Amino acid sequence: MFRCLPVPCIQLFGALVMFVATSPHASAQNDASFNLQTMSANQYEASTYTADLNGDGVPDLITTYSRVNPVLFSVHIATGDGTFSPPTDYNSPINQQNGNVVVTGDVNNDGKFDVVAMLGADLFVYFRRGDGTFPTPVHSTLPGAVRFAAVADFNHDGNPDLALYFGDSNSVAVAYGDGKGGFSIVKTIVSFGVNQSVESMALGDFDADANADLAISVANAPCDQGGCASVDVHILYGSGSPSFTDKLSYAGLPSDLLFSSGDLNQDGRTDLIGFVTRESKNILVLYGHSTRRLSARHLKSNGPTFNWAFFVDPIADFNGDGRNDFAVEVVNTANQQAFDLFLRNADGTFTLQEIVFGQNSFEMGNLAIGDFNRDTKPDFLLPAKNDGGGDPATHLYSYLNTTDAQKFSACPYPNSAAGIRTCLHQSGAHGSIIKIDAAAAWFEPLRKVELWIDGVKVKEQHNVWDKYGWLHYSHKYAAGTHRADIYSAGYDNALQHATVSFSVRTQ
């Protein structure tokens with residue numbers, strides 16, 4: 001998918017600065033800081049997804065439920081200051097007896113986020129109106145009950161497709177999009193044995209070949225309440241066509257494994273962050289390589305991670321040092337529920353910073369990230385309910401990033417669901433340094449941002465997190481008019497393009 005977007009040069013906005021964070025393991029200058037805001041939510045809101053539903057450049061929230069509920073999902077529209085509106089509910093079109101799976105993307109290519117919800121074998125596509133609301137969904141039936149799903153353009157035809165894992169047939173398949181919101185009959189990629197089960201699926205480009213891939217964790221029997229005998233990690237490497245290569249990339253982990261994906265070491269290749277259930281080092285990092293192998297690093301949180309059903313670990317640069325970090329939910333050694341931030345150091349090691357949430361009496365959902373208050377810094381939030389008394393209602397807890405650092409994007413992200421914004425900083429005449437900054441947003445996770453000057457590629461950066469990416473470049477230029485072309489690319493190499501010109505005086 002390729003889109004040209006005209007974008008103006010603008011100035012950087014100011015940022016809110018406050019500090020509320022605990023840090024038992026890291027030095028203060030390396031810590032991230034956050035300002036907590038609490039908002040009301042529906043009871044039992046749990047899984048949380050972000051998407052800019054009204055096209056104002058601020059991610060809104062889509063939440064689903066931990067218990068069977070007439071509501072299929074709810075929408076909280078962002079206000080732009082880090083808070084959200086009360087939920088708008090969308091009831092299930094059918095009797096809801098199965099767990100629901102929700103993904104987002106622009107499946108009809110109209111420049112707006114859509115919501116694709118699956119209830120067992122029933123597929124519902126909600127096409128977004130301009131105000132962030134949804135009309136009655138389009139319904140179709142799939143050949144089995146869906147447990148995991150992802151959106152990407154796997155065959156490079158410019159239309160988003162659906163990757164699906166069917167629990168009843170124990171198979172992974174792709175339903176190819178028609179660009180109008182419809183999907184083809186599913187094509188099976190791989191099927192697993194009767195003594196195997198899939199525990200997790202994550203999207204990425206693990207070998208950086210510009211084709212979207214799928215990572216699958218496969219548990220091997222025998223299994224009991226404590227887990228299965230072993231877990232293998234398969235990468236289904238895409239080819240830009242309907243064919244995939246199934247590679248067993250990490251074998252024999254003696255534990256259950258649930259993971260999510262992102263570019264942790266910012267080398268352009270997708271990595272996996274996983275929670276392992278029966279290991280003292282309970283965090284597993286698997287780094288992607290262009291040779292189609294995975295290299296492992298084992299880490300330990302300050303307590304066992306929990307919330308198996310909603311485990312999603314955000315990957316972003318939380319402390320503004322230019323390096324991506326990740327966060328997990330834990331019950332720490334003091335029996336407190338907390339967030340462990342693994343802050344990545346220059347040598348690839350990690351420093352642990354802990355943010356205490358409360359005593360161990362909460363029913364919590366997954367962590368979600370986004371720039372919720374327009375200051376270019378990654379914030380995170382989650383829904384939670386205090387089962388221990390006091391206030392038993394579910395709330396949204398929003399942690400707004402207030403870290404005072406220089407290596408967040410110097411250019412605000414676009415005021416739209418997708419696009420590229422450029423910021424030019426000019427200084428003087430011939431021989432002076434020209435600074436070019438760009439910030440991109442997209443419907444799916446970004447992999448890189450590139451800068452071309454006068455037809456020559458001069459910079460590729462992987463300052464990416466979730467659906468955002470940014471670039472900074474400084475250089476001296478000769479007198480005259482110059483053209484800067486900025487591109488962003490997702491896992492599936494869906495491209496955006498923006499162009500800006502600048503002039504350098506002779507004197």
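Q: What makes two aromatic rings a pair here?
A: Rings of Phe, Tyr and Trp pair if their centres lie within 6.5 Å. This is a predicted model, and ring pairs in it link F34, F318, F339, F357, F380, Y397 and Y399 into a cluster.

Q: How are the rings of F357 and Y397 arranged?
A: Their centres are 4.8 Å apart and their planes stand at 85°, so the pair is edge-to-face. Planes over 60 degrees apart count as edge-to-face.

Q: And where do F357 and Y397 sit in the chain?
A: F357 is in strand β26 (residues 350–359) and Y397 is in strand β30. The two are 40 residues apart, and the pair links distant parts of the chain.

Q: Buried or exposed, F357 and Y397?
A: F357 is buried, and Y397 is buried too.

Q: How many aromatic pairs are there in the whole structure?
A: A search finds 28. One of them is the pair F113 and F443, which is edge-to-face, with 5.0 Å centre to centre and 75° between the planes.

Q: Which parts does the F113 and F443 pair tie together?
A: F113 lies in the loop between β7 (100–105) and β8 (114–119), and F443 lies in the loop between β32 (433–441) and β33 (446–453), so the pair ties together parts that are 330 residues apart in sequence. Both F113 and F443 are buried.

Q: Switching to cysteines. How many disulfides?
A: The structure holds one. C411 and C423 form it, with their sulfur atoms 2.2 Å apart.

Q: What about the handedness of the C411 and C423 link?
A: The link is right-handed, with 75° about the S-S bond.

Q: Where are C411 and C423 placed?
A: C411 lies in the loop between β30 (394–401) and β31 (419–425), while C423 is in strand β31, so the pair ties together parts 12 residues apart in sequence. C411 is buried, at a relative accessible area of 0%. C423 is also buried, with a value of 0%.

Q: Now the sheet with β3. What is the strand order?
A: The order is β3-β4-β5-β6, an open sheet of four strands with antiparallel pairing.

Q: Which strands stand at the edges?
A: β3 (45–51) and β6 (88–91) do. Each has a single partner strand, so one side of each is left without a neighbour in the sheet.

Q: How much are neighbouring strands turned against each other?
A: By 25° on average, direction ignored.

Q: How many bridges join β3 to β4?
A: Five, and β4 covers residues 60–65. In β4, Y65 is the bridge partner of E45.

Terms used:
Residues numbered from 1 in each chain as written. Predicted model: local features only at pLDDT ≥ 70, side-chain atom pairs only at ≥ 80, totals over all residues. Heavy atoms only, no water. Disulfide = S-S within 2.5 Å. Buried < 20%, exposed > 50% of the residue type's maximum accessible area, 1.4 Å probe, protein only. Pairing = 2+ DSSP bridges. Axes fitted to C-alpha atoms, helices over the stretch in contact; angles between N-to-C directions. Phe/Tyr/Trp six-rings, centres within 6.5 Å; stacked < 30°, edge-to-face > 60°.
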